[in-house]
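Take each task first, then follow the solution step by step.

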Amino acid sequence: MAGVIRCGCMSITQSVVKAEDLDLSFAKTLEQLGIERVLTCMQCGTCTASCPSGRYAAYRTRLVLRKVLLGLREEILSDPDLWLCTTCYNCQERCPRRIDVVDLIIVLRNMAFATGHARERHVQISRFFVETGHLVPINEENMKKRRELGLSEKPPTTHSFPKALEEVKALASYFGFDKIVLGER
């Protein structure tokens, strides 16, 4: 069939990929963003075999790299499995081609986030971070638990240091992160 590529490694159901869905410059774009050597991937599977997330979930690092090589930008960025990587660096440390696999996944996540493909829970946590400078809520219940443990009500974070929160907000604004997570694109 003209204009169609069939690839058995795409998924368990062997998806049909149309040529117009491919971004053939995707790997080059990633190289320009500092992910060098991605085009040297030989699909050996060492990354997937090294991945602790892959033992417990459907996450397959090699599949992410394969999709990059094929130029399946939209499929990668919209895939919820992209968020299953624990960034343990096992894959990167074992890659025979020295591909910065974890750095690649972080860049892909950044791209996914910026294009509206982040999981809702990540967006909520990011909003909380932009608003409070912290990822863990310090509400009355948490303050009570801290008192019971003999700790101060608030940890020595932005909750205790308002000036630090100003700095977090300034950095979030400088990099445009606040606009992304607060929906002001």
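A pocket here is an open set of points on a 1 Å grid over the protein atoms alone, where a 1.4 Å probe fits, with protein on both sides within 12 Å along at least five of seven lines; lining residues have an atom within 4 Å of a point. The model is predicted, so to speak of local features requires pLDDT of at least 70. Residues are numbered from 1 along each chain.

**Exercise 1.** Find which residues line the second largest pocket, and which elements they come from.

Solution. 
1. The lining consists of Trp83, Ile106, Arg109, Asn110, Phe113, Ala114, His122, Ser126, Phe177 and Ile180.
2. Two or more of these come from each of helix H7 (101-114), helix H8 (120-132) and helix H11 (177-181); helices are DSSP runs of H or I, at least four residues, numbered from the N terminus.
3. The top contributor is H7, with five residues.
4. Domain 1 (4-114) and domain 2 (120-182) each supply at least three lining residues, with bounds from an automatic or database domain assignment.

**Exercise 2.** Work out how H4 and H7 are arranged.

Solution. 
1. Helix H4 (residues 61-70) packs on H7 at about 65 degrees, the axes being 11 Å apart; axes are lines fitted to C-alpha atoms over the stretch in contact, and angles run from 0 to 180 degrees between N-to-C directions.
2. H4 is therefore roughly perpendicular to H7 (65 to 115 degrees).

Methods
Predicted model: local features only at pLDDT ≥ 70, side-chain atom pairs only at ≥ 80, totals over all residues. Heavy atoms only, no water. Parallel < 35°, antiparallel > 145°, perpendicular 65-115°, else oblique.
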